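Hi there,

Here is the structure I promised to pass on. My notes on it follow below.

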Amino acid sequence: MDIQALYHLFQATLQPDTNVRIQAELQLKQLEGTQGTLLSSMQIVGSNESELQVRQAASIYFKNAVKRYWFETEATPAHLKISENDKDTIKGSIIQLIAAAPNLIRTQLITVLGVILSNDFPAKYPGYLGQVQNLLQSQDPKVVYVGLLALKEVTRVYKFKVSDREPLDEIIGTFFPAIQQIGAGLINTNSTEAAEMLKLIFKCYHYTIQMDMSERQRDSASLVPWGTLFVQMVEKPIPMEGLPTDLEELEKHPWWKAKRWAYQCLNRLYTRYGNPAALTSDSKFKEFATGFVQNFAPTILTAYLKQVEFWVAKQAWLSPRVLCLIGNFFEESVKDKHIWSLMKPHSETLVTHFVFPQLCFTTVDEALWVDDPVEYVNAKIDALEDFASPSTAAVNFMAVMARYRQNAFMQILNLVNSVLQKYNEAPVSEKNPREKDGALVMIGALAPLILRKSSLSEMMEPFFINHVFPEFKSQFPYLRARACEMVNHFSDLDFADPNNVAIAFTGLMESLNDTELPVKVTAALALRPMIRHELVCEAMKPHLQFIMQQLLAMTNQIDIDTLSNVMDEFVEVFAQELAPFAVQLCEQLRDTFLRICADMGPNTDGLEDLSDSAIDEASDKTMAAMGVLKTMGTLILSLESTPEVLNQLEIALMPVITFTLQNAIIDLFDGVFEIIDSCTFSGKAISANMWSVFEMIYKTFKESALDFMEEMLPSLDNYVSYGKDVVSTNENVQHMLYDIIETVMKSDRLGENDRVQACKLSESLLLNCRGHVDKYVAPILNLVFHYLAPEDAIQTVEFRVQSLEVVMNALYYNAPVTLRLLEENGWTQRFLSVWFTSLDKFSRVHDKKLSIFALCSILNVSVDQLPPALQSGWPEVLNGILKNFEGLPIAQAKRKEMEKLYNIGSDDDDSDDDSDDSDDDSDDEEQNALEAALAADDDDVEEEWVDDEEDVHDEGHEYLEFLAQQASKTRSSAAEGESGDEDDDEEEEYEDLEEEIYFQSPLDDLDPYVVFREVFTGLQQHNPASYNELTKATTPEQQEFIMHLLQVAEANAQAAAEAAAAASEA
C-alpha cells in the first residue's frame, strides 16, 4: 500500500471526531494482510520526520499485527499470514529500530521483539546473539543499554521453560560475566541511566533462575560476584537528588526498581535453590543449598535486617514491594534451622517493630478509604489483590513463626495482650485505635492456630466480649470493619453463651447498613459463614430481603466476585424464603449484570493499547459478572418445584442471555450456558422464548463458540430431551443439531474431548427422537467411523466408548438399517471386534444398559437381515448380553453410592433394608473415629512447634516430596521397561471416568431385565432355530445365570405392575 496513504490513516485515528477515527480504524483493519502494509507501518515507526503521535499509532498497529499473526496456526487465514521475506526484513531491522526509537515507541517495539524471539529463537533467528554481543561491546552507554534490552528479551524466552534450555546455558556462559562486570562498574554511580541498566542486568539474571539454575550459576565463581552485586544494591543508599516526593512515583523511580530486582534475585536464590528445608530429598540443588545457607544466606539476612533497622528508625524509606520481599525472605528463613538460629535473637524486635506497624491502620490506608473506598476494598479486602502486599507478607511471616516456633508464638500473644491492655486502660483521649486495629489483625491472622488449640479457643469468647464486640459501635469506621472481619475469622468458634452469637449477628446486621462501603463489605463477607449457627440462620430469615438488597447495592458499587459468592450462598440456603421475592431479585441481578457488562465496554480490536490497570479492571468486572451469573443459575435451580415462578425468571433472564450471545462475550459463555441449562432443565420443558435462544446458541456456535462444545452440551441435551416434540417434527432444528455435531467431529481445531460431546449429542438425538431422524443415521455413522474404522485413530478410552455408543444407539434406534449400513461400508467386522473386546470398558450403568438394549435389538432382527459376521458369531451376542448383566449390579451399586454422596434421591433412604442400616452404623463408627483423631490432632498444636535446632517441613514441602517420589517411581518404571503397554495406559485413564449421575435418558425408565426376558422368550417361541443357534454353546453356569435373569425380570415386572396399580388407585 502507498505509505503516504497509510500515514494519513494513522493520522486520522488521532482525530477528535469519533466518526473519522472509527472509519480510519476500519480501513486499517481491512488492510491487514495486504502486501506491504506491515513493512510500511514499520517504516513509519522508524521515520524521524514523522509526527511522534503518528509513529506511536503506527507502532501499536505494528505490534498488534505481529502479536496476532507472527505465529501461524491452522486457524490463521492465508491472507493474514506474514510472509517469510517480511519476517526476515523485520528481524533484520528491529534492533536498529529499538535503538533509534524514543521511549514512547520503544516500549511497543520491545514487545514485538519478545514475540519474535519467543517464536523464532534460536532456530529461525541464528544471528541474534551476534547482534547483542556487538551492542554490549560498544563504548557508548546508550548502545550498551539497547544491548541489555535485547539480552533481557532473549532471557525472558526461557523464564518459564523447564526444558530445551541449552541455548540459555550458552547465553549465560557468553554474556553473564560481561554484564556482571558492567553492573559492578555501575553500582557506585548515581545516575538514573546507571539505575536503568542495573535493573535490566538484574532482570536478565532473574529470568534465568525463575524455573531452574544452571550448574555454571551454582559455581562459586559465578555466585560470589553476582551475589555481592545484589547485596551491594540492597545496601546502596539511594541518591536523593532528583527523586520525586510522591511515594507512588518514588517507587517507580529507576533506582527503586533496580533495588526491587536485586531483592527478587536474592529471594529467588534462597527460596527456590538455597534453603535445604524447602528442597525435596532427591533435589539436584541439595549440595548447593548446603553451601548457600552456610556461606551466603547469613549475609543476605544481615543486609535485610540492617535495612529494616534503618526503616524502623525512620532513617530510610523502603518501597512497599521491597517491604513485601523482605517479609517473604523472613518467612522462608523461619523454616531453616541455621538461618532461624541467626534470626531468633531478633524475632521479638521484628514482631514489634517490623510486623506490627505494617498491620496497623495507617494514614495511607485512611486516605485511600476516604478518597476511593472501592479501591480500598480491592486492595485490602479482596484476597486476589494481596500477593504483592507488604502487610500480607508481614502476616504470613508472623503466622509461620507462630505456627512452628513456640517462643515467637508467645512473643506475639504478649505483644497483642500488651497493646489491648494499654488501649483499655488509657483515657479516651489517649487511646490509640490504630494500634488496637493492628493487634486485632494479628489475632485474626492466628485464628486457624487458635481454633485448633482448645485452651486458647476457650479464651476467645471473653476476648470477643472485651475487645471485639464493643468496636461494632466504634466511632472509627476501620475498627467497625475490623470487628466484622474478626467474626469472619472466628466463624468456627462455638460460643458457650448463645447471647454472644446474637450480639455478633446484630453487630453484623448493623454494619451491613453502615454508611461506609468497606464496613458493609466486611459485614457481608462475615455473614456468610455465620449461617452455620442455627440461631443466626433463623434470625436471618425475616431480614433476607434487606440482606439481598444490600448485597445487590454493594455489587453495583464494587465489582468483586466474593460478594456474588455470598449472594449465591444465601440463595442456595434460603431458597424457599426468597421465593416470594425471586422474580424481583432476579430482575435486580439481571440489571446488575447488564450494568457490569456495559462498564466492561465493547471488545476492541483496533489501535487501543490497554494498560495493566485497565486489564486488571476488566478482569475484575468479568469475575463479578461471572459471580452474578452463578447466583442467577442457583436461584433458578433452587426454585425447580415452582414452575410459575420459573417462567417469570426465564423472561427476566432473556436480556442476559441475548446480550451475552449477541455480543459474543466469550469470557461469560460458560456462565450463560449454565443459565440456559438451568432454565431448560428446571422447567423440564422448552418455552417459546427458549427456542429463540436455541437459534442464538446455534448462531453463536458457528461464529465464535466452537471451543465451547462441552459447556453447550447440557443445554443442547435439554433441548432434545425436553423439547423432543419440536425436535421430532422440526427439520430446521434437526439440521442445526446435526450441523453442530458434524462441525465438531470434522474440525481440526478441536480434540477428542470435544468429539466426545458431539457423540453425546448424537446419542441424545437418536434416543429421544426414535423414528423421526432416519435421514441422519447414516451421516452420523459416517462421522463416527471416520475415527472408529482405522486402527489407531482414537487415542482415549472415553472417545472410543462414546463412539461405540453412538453405533449402539443407532442399533437401538433401527437395528436392520444400521446393520445394513455397517455391511455396505465394510464396517461390520471392525465394529463387532472393537465392541466385544471393549465390553469391560462399559462400566457405568447407562453404558451397560445401552449395550444390553443394542444387543437385544440385534436379536430381534430376522436372520436374513443379519450380516455374515453376526450369523457366524451368533452365540457371541448372548455372551455379550450376559457379560453386561454380570457387571450391572456392581455399576448400580457404585452409582447408588455416588448418589448418596451427592445427596440425590435421599427422600427414599427410609426404605433401605437392614443391610443399609448396618452400613450406616459402620459409616458412623468410621466418622466418629475420624473426628476423634482430628480432635486429638487439633488439641495438640504443640506438635506443630518445631525445636529450634530442627528444620520446618510444612504441607507445601510434604506435597513436593510426594510429587518427587512419584516422579522417581515413574522414571524407574520407564527405565526397567515396566511402564505397561498402551492398553494398560488406556485402562488407567478409563478408571478415572466417573458415573454421570445427573445424566438422564429415555433408557432410565426401561428395565433391562424385563426387555431381555421379552426378547429372549420371544426368540424361543417364534424363531426356535435362531434360539437354538444362540444358546447352543452356553455352559451350565450361563444357563443358570439366564434363569436368574428371567426370575429377576419376573419379579421386577410384578413389582412395576403393583406400583402402577397403587398409583392409579391413589
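At what angle do helix α48 (residues 845-859) and helix α50 (residues 874-901) pack, and how many Å apart are their axes? The angle is about 155°, and the axes lie 8 Å apart. Axes here are lines fitted to C-alpha atoms, for helices over the stretch in contact, with angles from 0 to 180 degrees between N-to-C directions. That makes α48 roughly antiparallel to α50 (the term covers angles over 145 degrees).

Before going on: this is a predicted model, where local features need pLDDT of at least 70 and side-chain atom pairs count only at pLDDT 80 or more, while totals for chains, interfaces and linings use all residues. Residues are numbered from 1 along each chain as its sequence is written, and side-chain values use heavy atoms, leaving out hydrogens and water.

Back to the pair: residues of α48, including V845, I852 and L859, meet residues of α50, among them W874, I881 and L888 (contact means heavy atoms within 4.5 Å). By class, twelve nonpolar, five polar and three charged residues form this contact (nonpolar is Ala, Val, Leu, Ile, Met, Phe, Trp, Tyr, Cys and Pro; charged is Asp, Glu, Lys and Arg; the others, Gly among them, are polar).

Helix α44 (residues 777-788) has buried residues including V777, L781 and F785 (buried means under 20% relative accessible area with a 1.4 Å probe, protein chains only). The buried residues of α44 pack against α42, α43, α45, α46 and α47.

For the whole chain, there are 56 helices and zero strands (DSSP runs: H or I of at least four residues, E of at least two, numbered from the N terminus). Of the 1066 residues, 50% are buried.

Best wishes

Technical notes. Parallel < 35°, antiparallel > 145°, perpendicular 65-115°, else oblique.
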